[in-house]
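Subject: Structure for you to look at

Hello,

Here is the structure I said I would pass on. Please open it beside this message and follow the notes below.

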Amino acid sequence: MNFVKAVLCVGLFLCSASGVWAQKISKLKQHDTVINSAVGSWALKSSQLKYYDPRNLNLPVIGRGFADCVRPNDTVSDGFYTRLPADMQNGREALWDLGQNSAGIAIRFRTNSRAIGAQWEPLNNFGMSHMTPTGVKGLDLYALIDGEWQFAGIAQPNGKKSRNMIVKKMDGQTREYLLYLPLYDGIKSLKIGVDSSAVIEMPQVNDLLPADPATAAKEDLPIVFYGTSITQGGCATRPGMAFPAIIERKLHKETINLGFSGNGRLDRIMADKIASIPASAYVIDCIANCTYDIVKDSTDYFIRTLAQAHPDTPIYMVSNYFLPAMYLDNQWKADAMKENELWRGFCEKFRKEGYKNVIYIDAFIAPDKKKSPIGPDYEACVDGIHFTDMGFARVAEFFMKWLK
């Protein structure tokens, strides 16, 4: 009998509760209807946004070292979001192709939209087995909050022609934004999506805007990074986590990413082109892509070209890193140490000649793991070579000791 009573009591409770919850759900639906009616211009899906081409709005583009990248007659891409000048198109093919990647390039804008999305077509729709699609061909967004750049969201690629929401349900406050483009792919077309009633416009805060070399103080000019796949951003999970981009946001100073995966080989033409970029510092971090003979034969021209063109600007010659993959590979470690010795010798030679702006950075530091730029635990790489986000964050902190 007690059992039957208990069952009846539970049944009555559930009936009563279901009635209460039905009323609550009904009220919530009414509440949602009121909200949706009051803010009908809020977008909850990327398809509901209104899209604008940054080029048509003349929004500032940062991270481009050269003004003459555009190729009006190119039927594949006109080169607007690329990293090498058009007159290099008939040069070394591998270098040119990597120059079409948009690593380090970003759009600055301001909007009061409650939602932001992007619509873009990557140049190659490229993919790699050891790097996330969001890093290879995605976009990520930062907002300027209380004077610092804060990660806001990511546009995940979802097709050859991608469209995706980055952030939504914001408060509608007008903010400054920074949208990074893909690291290992290029951009054929790009549009930024905002609410239909929102304004998207030129930034008003002078933070991470291209400096005018004719009027800017030297310390306000960009930092130029020339290097390898690691400089380019392999294998960050998203574009803003490449170490030049991290340094850019931390120092509030534009950086130029001239990292070329497997192809930072001290090309003479790259020395000439980099020397044409007015900068506050040049970071040459490329010898991992060079053989001993390339270092021996090409360093003098490359560094001398920069030093003569910019005798008062720091030129940092970065050694090989001591990578986790080297720990048990004695031959690789020995080769890297041999290259480092030769590289350091060139630096000392230039300093003896009076180029005191040429500075050696020891990133190898093999005997002392605690001082390693990528940390003491050998856990900062995807494959023993290319950095994870943690590795990039650590290396950014390492470089900022010289670049602050």
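Asn 125 sits in the loop that runs from strand S4 (116-122) to helix H3 (133-137). The model is a predicted one, and in it the phi of Asn 125 is near 50°, a positive value in a residue other than glycine. Most residues other than glycine have a negative phi, and most peptide bonds are trans. Asn 125 is partly exposed, at a relative accessible area of 30%.

Asn 58 also has a positive phi, of about 55°, although it is not a glycine. Asn 58 belongs to the loop between strand S1 (50-52) and strand S2 (61-62). Is Asn 58 buried or exposed? Its relative accessible area is 59%, and because the cut-off for exposed is over 50%, Asn 58 counts as exposed.

A further positive phi, near 55°, belongs to His 252, which follows helix H5. Helix H5 covers residues 243-251, and the loop between helix H4 (229-232) and H5 contains Cys 235. The peptide bond from Gly 234 to Cys 235 is cis, with omega near 10°. As for H5 itself, seven of its nine residues are buried, so the helix is largely enclosed by the rest of the structure. The buried residues are Phe 243, Pro 244, Ala 245, Ile 246, Ile 247, Glu 248 and Arg 249.

Now the chain as a whole. It has nine helices and 15 strands. Of its 404 residues, 50% count as buried. If you take contacts between residues at least 6 apart in sequence, 78% of them join residues at least 24 apart.

Next, the sheets. An open sheet of four strands has the order S1-S9-S4-S7, and its pairing is antiparallel. Which strands stand at the edges? They are S1 and strand S7 (162-167); each has a single partner strand, so one side of each is left without a neighbour in the sheet. On average, neighbouring strands of this sheet are turned by 30° against each other, direction ignored. S1 is joined to strand S9 (residues 187-194) by three bridges, and the two strands run antiparallel. Tyr 51, for example, has Gly 193 in S9 as its bridge partner.

Strand S8 (residues 175-180) deserves a separate look. Six of its six residues are buried, so S8 is largely enclosed by the rest of the structure. In a regular strand the side chains alternate between the two faces of the sheet. In S8 both faces are covered: Arg 175, Tyr 177 and Leu 179 are buried on one side, and Glu 176, Leu 178 and Tyr 180 are buried on the other.

Then a pair of helices. Two packed helices are described by the angle between their axes and the distance between the axes. Helix H6 (residues 268-275) packs against helix H7 (residues 292-309) at an angle of about 15°, with the axes 9 Å apart. That angle makes H6 roughly parallel to H7, and the crossing of the two is right-handed. Which residues meet there? From H6 they are Arg 268, Met 270, Ala 271, Asp 272, Ile 274 and Ala 275, and from H7 they are Tyr 301, Phe 302, Thr 305, Leu 306 and Ala 309. The residues of this contact divide into eight nonpolar, one polar and two charged.

Last, a single residue in a loop. Leu 323 is found between strand S14 (315-318) and helix H8 (330-352). At 6% relative accessibility, Leu 323 counts as buried. Leaving aside residues up to four places away in sequence, Leu 323 touches Trp 332, Gly 384, Ile 385 and Phe 387.

Regards

Key
Residues are numbered from 1 along each chain as its sequence is written. This is a predicted model: local features need pLDDT of at least 70, side-chain atom pairs count only at pLDDT 80 or more; totals for chains, interfaces and linings use all residues. Side-chain values use heavy atoms; hydrogens and water are left out. Axes are lines fitted to C-alpha atoms, for helices over the stretch in contact, and angles run from 0 to 180 degrees between N-to-C directions. Angles under 35 degrees count as roughly parallel, over 145 as roughly antiparallel, 65 to 115 as roughly perpendicular and the rest as oblique. A crossing is left-handed if the near helix is turned anticlockwise from the far one by less than a right angle, and right-handed if clockwise. Contact means heavy atoms within 4.5 Å. Ala, Val, Leu, Ile, Met, Phe, Trp, Tyr, Cys and Pro count as nonpolar, Asp, Glu, Lys and Arg as charged, and the others, Gly among them, as polar. Buried means under 20% relative accessible area, exposed over 50%, partly exposed in between (1.4 Å probe, protein chains only). Two strands pair if DSSP finds at least two bridges between them.
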